[in-house]
Structure formats: C-alpha cells, structure tokens
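Please look over the sequence and the structure shown here before reading the notes below.

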Amino acid sequence: MKQEMLAMILAGGQGSRLGVFTKRIAKPAVSFGGKYRIIDFVLSNCSNSGIDTVGVLTQYRPMILNSHIGMGSHWDLDRMNGGVYILQPYMSEKEGHWFNGTANAIYKNMNFIDDYDPEYVLILSGDHIYKMDYSKMLEFHKEKNAKATIAVIEVPWDEANRFGIMNATEDRKIYEFEEKPKEPKSNLASMGVYIFNWKTLKEYFLRGGKTGECFDDFGHDVIPAMLKDNQEMYAYSFNGYWRDVGTIQSLWEANMDLIKTPEAIDLSDSNWKIYTNTMDLPPQYIGEHGRVKESLIADGCSVLGSIENTVLSHKVEIGEGSIVKDSVIMPNVTIGKNVLIEKAMIAEGAVIEDNAVIKNNTDEINVVSEYEIIHAKKVKAEA
C-alpha cells in the first residue's frame with residue numbers, strides 16, 4: 001500500500017561508550033527515566049506525528065529490543081497496512097551479513113521501502129531523547145522543494161566541534177557539511193534526523209552499485225555527494241529539548257533533567273505522550289521511615305530508606321536507613337540497609353549489600369555493573 005512517507009529507525013548501535021549498560025543489549029533498549037527505554041521516544045514521535053509505517057533496523061544484541069517493541073501495539077503501530085517491522089541484517093550472495101553504515105542499512109532494505117512506494121523516507125536514530133513533530137518537518141521539506149532536509153539544533157559554540165555541522169544560508173539552504181570541525185563556521189548541529197525524496201536517495205544507491213562509489217554512511221558519503229551535485233538540501237531548525245545519550249555522563253544528565261527541568265521534556269503532556277511497553281506491577285511502596293525528595297519512582301519499587309534527586313526504575317528495593325542521592329537506579333536492583341549511594345548509575349540486577357558505600361570525592365559518576373554484588377565498605381568508583 002503506497003505511503004507518502006515511512007520512517008526507518010537506525011537502532012543497531014552497540015553504544016560501547018555506555019560501557020556496562022550495553023554489555024548485553026543495544027543502546028536503544030537501555031532503560032531511561034524509570035519506566036521507559038530510549039527507543040520509546042522516537043517510536044512515540046512517529047506515532048504522534050501520524051507516521052504509521054516504521055522499519056526498525058537492528059543489529060547488535062537485538063533480542064531485548066525486539067521483545068520490547070513486539071507488534072508495536074503500545075505505540076499504535078500494529079496495523080493491517082503498515083505498522084512496525086523489525087529489520088535485521090541477513091546474508092546475501094554478494095554482500096556480507098552486517099550493515100556497513102547508516103546508509104548501507106537503508107540500502108540493504110530497499111525492497112522493504114519499495115513495497116510501500118513512498119514519496120519520502122524519514123531516517124531516524126533510535127538513541128536520542130527528544131519530542132518532535134515530523135509532520136512539520138515534512139511540510140518544511142515540501143515548501144522548500146528539497147531533495148533532502150536535515151534537522152539541526154543550535155549547540156553552544158564551544159561544543160560545536162563535537163558534532164556534524166551544517167553551514168547554511170539565511171533561508172537555511174545547506175551549502176557545506178563539516179564533520180566535527182576544529183573551527184566550526186556555524187553552530188547548527190545535525191540531529192541525525194533526515195527526510196529524503198526516496199527517488200533521489202535510491203538513485204544514489206543504484207549509482208553506487210554501478211560505479212563502485214561508497215554510499216555506506218549518510219554523514220561521510222551520501223550528504224557530501226549530494227552537496228557536490230548541488231542538490232537542494234535544507235536545514236530544519238528544531239528548538240526543543242534534544243539529547244544524544246551516547247555516554248554515561250550524558251545518560252546520567254538526561255535522567256537528571258527529568259527531575260531538575262521536567263518542563264524541558266514534559267512526560268505528563270497528554271497531547272504528546274511517550275508510550276512504552278508497560279509492565280503489570282504493584283504500586284510503589286514508601287515505608288514508614290521512607291523519605292522521597294525530588295525523585296522519579298517507577299511501579300514495583302519499595303523505599304524504606306531515603307532518596308533525593310534520584311530515578312528509580314521498576315522493582316528497585318531500598319532498605320531501611322539507606323540514603324540514595326543524585327543517582328539513576330536501573331530495574332531489579334536490591335539495595336540493603338544502611339547503604340550510602342551518591343552520584344551513581346547502577347545497572348540492572350545489581351545487589352548492594354548492607355552497610356556498603358558507593359561514593360567518591362570527585363565529580364565522576366560511580367558505576368555498578370549488571371548483577372554485580374557490592375559488599376559492605378567496598379567503594380565502587382569507576383566511570
């Protein structure tokens with residue numbers, strides 16, 4: 001069934017900079033904000049934007065991610081014509097098994113896209129935290145009669161050299177792309193959100209197949225080639241909250257943003273809900289001596305101690321006399337009695353025994369691995 005625009009979500013990244021948190025799951029499947037996984041945000045954006053055909057391209061350790069998405073019913077993406085599809089790498093006669101880059105992942109799924117014969121293809125990253133109406137970006141794309149539109153966000157000038165930078169005219173026509181420039185000419189950073197005319201993008205893929213040109217990556221190959229050919233490419237400015245949670249520090253900061261500046265990405269906004277695969281768990285329990293200050297607590301938690309400026313994922317237990325501050329606790333963590341935890345990220349299934357201390361005198365984030373056991377008086381201070 002022909003679609004005007006379908007979405008392709010790149011969700012196969014290993015996320016090695018997240019260390020222990022991606023040891024057995026892909027980065028988009030990492031827990032976030034107590035009850036969500038990172039990919040919930042881009043899936044919810046698609047649903048809220050009226051996009052009902054979505055391909056999710058997985059690669060690294062996809063089992064938990066696949067199980068979480070399921071048939072897509074939680075995002076209203078279980079459709080007879082369209083819906084959500086899990087697209088994994090497969091062996092072909094001429095090419096290897098794995099995706100060789102962001103654009104190569106799309107190239108290897110051209111047949112899936114052609115089945116819907118779209119006018120436009122929306123390319124998305126599955127590991128960013130933000131709310132965005134893609135239908136407005138499509139309107140901008142049409143108004144400019146563009147071949148490609150790239151969403152950009154203004155970043156601080158002193159951080160611009162960490163991003164792919166789009167240099168554009170006053171009317172936002174892109175004339176140059178610089179990947180992590182030492183001396184950036186603008187602060188318009190690419191968000192990894194692209195709209196392409198499918199016919200145009202497909203032509204580049206087919207050209208590469210005939211000439212041997214490399215079109216494996218959008219940032220390194222496809223976008224520079226289109227600029228060289230003077231294709232009409234525009235930068236779409238986004239003014240909302242956006243976080244690339246690719247490091248332990250940025251993941252911790254994004255979780256803290258939900259507490260310190262909840263209005264930045266309002267999770268209670270009924271007009272733009274963030275949907276997830278919810279679990280049937282009992283309500284949270286705060287004991288007689290439990291104390292909670294400025295924190296998020298998911299269902300199934302038991303708090304008998306004190307928490308402050310902390311995010312608790314589902315089924316976390318905190319024993320009597322324990323104090324947890326400025327921390328992110330992943331699901332199924334057990335914290336014993338009289339424990340002190342400050343500025344930590346604790347991975348799923350960890351056990352913190354009675355009287356243990358997890359803190360240090362630096363500004364580093366303390367990290368506890370999955371299913372690790374922290375004994376009394378053992379200090380865990382690695383990031």
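What follows is a short briefing on sheets, helix packing and nonpolar cores.

This is a predicted model, in which local features need pLDDT of at least 70 and side-chain atom pairs count only at pLDDT 80 or more, while totals for chains, interfaces and linings use all residues. Residues are numbered from 1 along each chain as its sequence is written, and side-chain values use heavy atoms, with hydrogens and water left out.

**Sheets**

- Helices (H or I, at least four residues) and strands (E, at least two) are DSSP runs, numbered from the N terminus.
- Two strands pair if DSSP finds at least two bridges between them.
- Six strands make an open sheet with parallel pairing, in the order 14-17-20-23-26-29.
- Strand 14 (285-286) and strand 29 (373-374) are at the edges of this sheet; each has a single partner strand, so one side of each is left without a neighbour in the sheet.
- Two bridges pair strand 14 with strand 17 (residues 302-303) in the parallel sense, and I286 stands opposite V303 in strand 17.
- Another open sheet, also with parallel pairing, has five strands in the order 16-19-22-25-28.
- Its edge strands, strand 16 (296-297) and strand 28 (366-368), each pair on one side only.
- Strand 25 (residues 344-346) runs parallel to strand 28 and is joined to strand 28 by three bridges; M345 stands opposite V367 in strand 28.

**Helix packing**

- Helix 6 (residues 198-211) packs against helix 7 (residues 218-228) at an angle of about 105°, and their axes are 11 Å apart.
- That makes helix 6 roughly perpendicular to helix 7 (65 to 115 degrees).
- Axes are lines fitted to C-alpha atoms, for helices over the stretch in contact, and angles run from 0 to 180 degrees between N-to-C directions.
- Contact means heavy atoms within 4.5 Å.
- Helix 6 makes this contact through T200, L201, Y204 and R207, and helix 7 through F218, V222, A225 and M226.
- Helix 8 (residues 248-260) lies across strands including strand 16 and strand 25, and runs at about 100° to strand 25.

**Nonpolar cores**

- A nonpolar core is a set of buried Ala, Val, Leu, Ile, Met, Phe, Trp, Tyr and Cys residues joined through side-chain atoms within 4.5 Å, where buried means under 20% relative accessible area (1.4 Å probe, protein chains only).
- The largest core has 70 residues, of which I9, V54, L124 and Y134 touch the most other members.
- Helix 8 gives the largest share of this core, seven residues.
- Another core, of 37 residues, lies apart from it and includes V152, Y204, L227 and A235.

Methods
Angles under 35 degrees count as roughly parallel, over 145 as roughly antiparallel, 65 to 115 as roughly perpendicular and the rest as oblique. Buried means under 20% relative accessible area, exposed over 50%, partly exposed in between (1.4 Å probe, protein chains only).
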